[in-house]
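Read the following with the sequence and the coordinates open side by side. The text moves from a working term to the whole chain, and then to its parts.

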Amino acid sequence: MATVRFLHTSDWHIGRTFHGADLLAEQEAVLGHLAGLVAGEAIDVVLVAGDIYDRAVPSAEAVRVATAAVARIRAAGAQLVVTPGNHDSAPRLGAFAEFAAAGGLHLRTTVGGLAEPVLFEDAHGPVAVYGIPYLEPEPARHALGVPDARGHTGVLTEAMRRIRADLETRPGARSVVLAHAFVTGGEPAESERTIAVGGVEQVPGSIFDGVGYVALGHLHGPQTLAEHLRYSGSPLAYSFSEARQRKSVWLVDLGADGLAEVRRHELPVPRALATLRGEIEDLLNDPAHDEHLGHFLSVTVTDRVRPVDAMRRLRERFPYAVHLEWEHEGGHAGAPLRYSDAVRGRTDIEVSRSFLDDCRGAPPTESEEQLLFRALEAADRGALAK
């Protein structure tokens with residue numbers, strides 16, 4: 001090959017649901033697009049920087065989707081280098097790694113093997129690709145033989161020290177590192193599981209100095225922290241906070257002296273996300289909302305009184321409505337009070353009246369208030385009888 005071309009992706013989270021909705025079809029579609037991109041752009045190596053699955057023990061269907069995606073990418077002509085993220089089980093992901101490597105799937109899942117690169121060769125010489133599995137600080141510091149290392153920064157510093165030591169034995173080799181971490185300067189989304197340990201989860205980007213390209217995973221938005229230091233982000237949106245993100249992958253070219261060019265390729269959106277707000281009758285009947293019939297929806301209804309069976313009614317028109325809130329116009333603003341503060345100095349009837357007002361957006365009528373009086377008196381008599 002003239003020069004090695006990489007595709008950087010991460011955070012597939014296969015098997016994840018979206019507010020209870022199954023995403024396997026959408027995940028299969030967007031990962032299938034990667035195979036077409038491999039063929040169309042003559043990609044040599046696909047880098048997957050962690051969180052292949054959404055859980056340590058994925059379902060059989062999630063494994064099927066992952067296996068099919070890898071097979072399609074391999075058939076399109078690229079090899080793969082894969083590392084586990086904080087959602088993955090490294091031992092499970094790395095099973096049969098030596099046999100998989102013979103077929104072009106390089107699984108870098110062990111702490112002991114993080115300084116053993118996958119080697120590729122092009123017209124300019126060797127390219128060493130190192131995969132750092134997600135390092136949970138407490139077990140990793142012992143596995144790395146640095147018991148005094150502190151947090152994510154400590155264990156990643158030792159991991160990179162080992163990688164640099166190996167690189168020194170390979171004069172002229174260009175380098176790529178995969179890592180699953182929260183690097184300072186990155187912008188998180190709501191869908192990422194925290195990796196905080198003792199309140200400190202971020203690591204400085206300087207840890208990765210001296211490497212040709214660093215393919216980062218963990219944060220779900222595509223981001224450039226430095227020319228050589230990037231997050232690809234997830235291929236799908238996994239929270240409504242990501243609705244405006246343009247999901248993408250990075251196409252990375254290495255030249256004779258290292259990084260030559262990085263290009264962003266936006267991914268297709270199998271099912272868009274949207275938010276709607278208004279009174280339920282308008283939402284159900286206004287033709288202006290027809291464009292959202294096939295979208296995942298977060299809906300806020302603003303009726304003065306909480307609508308009955310609102311989600312079922314909304315789904316009759318919007319089958320992919322997945323999240324519902326009620327926030328009546330002119331409702332109470334400000335931070336919620338603790339229960340003890342809310343009831344302090346108030347009679348039972350005052351608390352009951354406020355409860356009804358908050359729940360349905362209207363105070364009790366005179367007849368309802370009489371019912372409340374009788375119910376509270378009966379409760380008091382029952383308590384005294386005991």
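A residue is called buried when its relative accessible area is under 20%, exposed when that area is over 50%, and partly exposed in between. The model discussed here is predicted.

The average pLDDT of the protein is 88, and 90% of the residues score at least 70. Residues 332-337 have a pLDDT below 50, and this stretch makes 2 contacts in the model beyond near neighbours in sequence. Where pLDDT is low, predicted coordinates should not be read in detail.

The protein has 386 residues, of which 49% are buried. Its secondary structure comprises 11 helices and 19 strands. If contacts are counted between residues at least 6 apart in sequence, 67% of them join residues at least 24 apart.

Consider next an open sheet of 6 strands, ordered β7-β8-β9-β12-β14-β13, with mixed pairing. At its edges are β7 (118-122) and β13 (223-226), each of which pairs on one side only. From one strand to the next, the twist averages 20°. Within this sheet, β12 (residues 213-217) and β14 (residues 229-231) run parallel and are joined by 3 bridges. Val214 has Leu229 in β14 as its bridge partner. A helix, α6 (residues 151-168), lies across β8 (125-131) and β9 (174-180), and its direction is at about 165° to β8.

β15 (residues 248-255) and β16 (residues 258-266) run antiparallel, with 8 bridges between them. The two strands form a hairpin, with 2 residues separating β15 from β16. Asp253 stands opposite Glu261, which belongs to β16.

A second open sheet has 3 strands in the order β17-β18-β19, with parallel pairing. Since β17 (273-278) and β19 are at the edges with a single partner strand each, one side of each is left without a neighbour in the sheet. The twist here averages 15° from strand to strand. Between β17 and β18 there are 6 bridges in the parallel sense. One of the residue pairs is Leu276 with Val299, the latter in β18. Helix α8 packs on this sheet, where it touches β18 and β19, and its direction makes about 140° with that of β19.

Which residues of α8 are buried? In this helix, which spans residues 310-317, they are Ala310, Met311, Leu314 and Arg317. Viewed down the axis of α8, the buried residues fall within an arc of 120°, so they line one face of the helix. These buried residues pack against α7 (280-285), β18 (296-301) and β19 (321-326).

Arg313 also lies in helix α8. Its relative accessibility is 21%, so Arg313 counts as partly exposed. Apart from neighbours within four places in sequence, Arg313 is in contact with Ile280, Glu281, Leu284, Pro307 and Val308. For Arg313 and Leu284, the C-alpha to C-alpha distance is 8.0 Å, while the two residues are 29 residues apart in sequence.

The backbone contains two further points to inspect. Most residues other than glycine have a negative phi. Asp309, which is not a glycine, has a positive phi near 55°. The loop between β18 and α8 holds Asp309. Is Asp309 buried, partly exposed or exposed? With a relative accessibility of 41%, Asp309 counts as partly exposed.

Asp51 also has a positive phi, about 60°, without being a glycine. Asp51 is found in the loop between β4 (45-49) and α2 (60-75). With a relative accessible area of 1%, Asp51 is buried.

Definitions and conventions: Residues numbered from 1 in each chain as written. Predicted model: local features only at pLDDT ≥ 70, side-chain atom pairs only at ≥ 80, totals over all residues. Heavy atoms only, no water. pLDDT = per-residue confidence, 0-100. Contact = heavy atoms within 4.5 Å. Buried < 20%, exposed > 50% of the residue type's maximum accessible area, 1.4 Å probe, protein only. Helix = DSSP H or I, 4+ residues; strand = E, 2+ residues; numbered from the N terminus. Arc of directions from axis to C-beta. Pairing = 2+ DSSP bridges. Axes fitted to C-alpha atoms, helices over the stretch in contact; angles between N-to-C directions.
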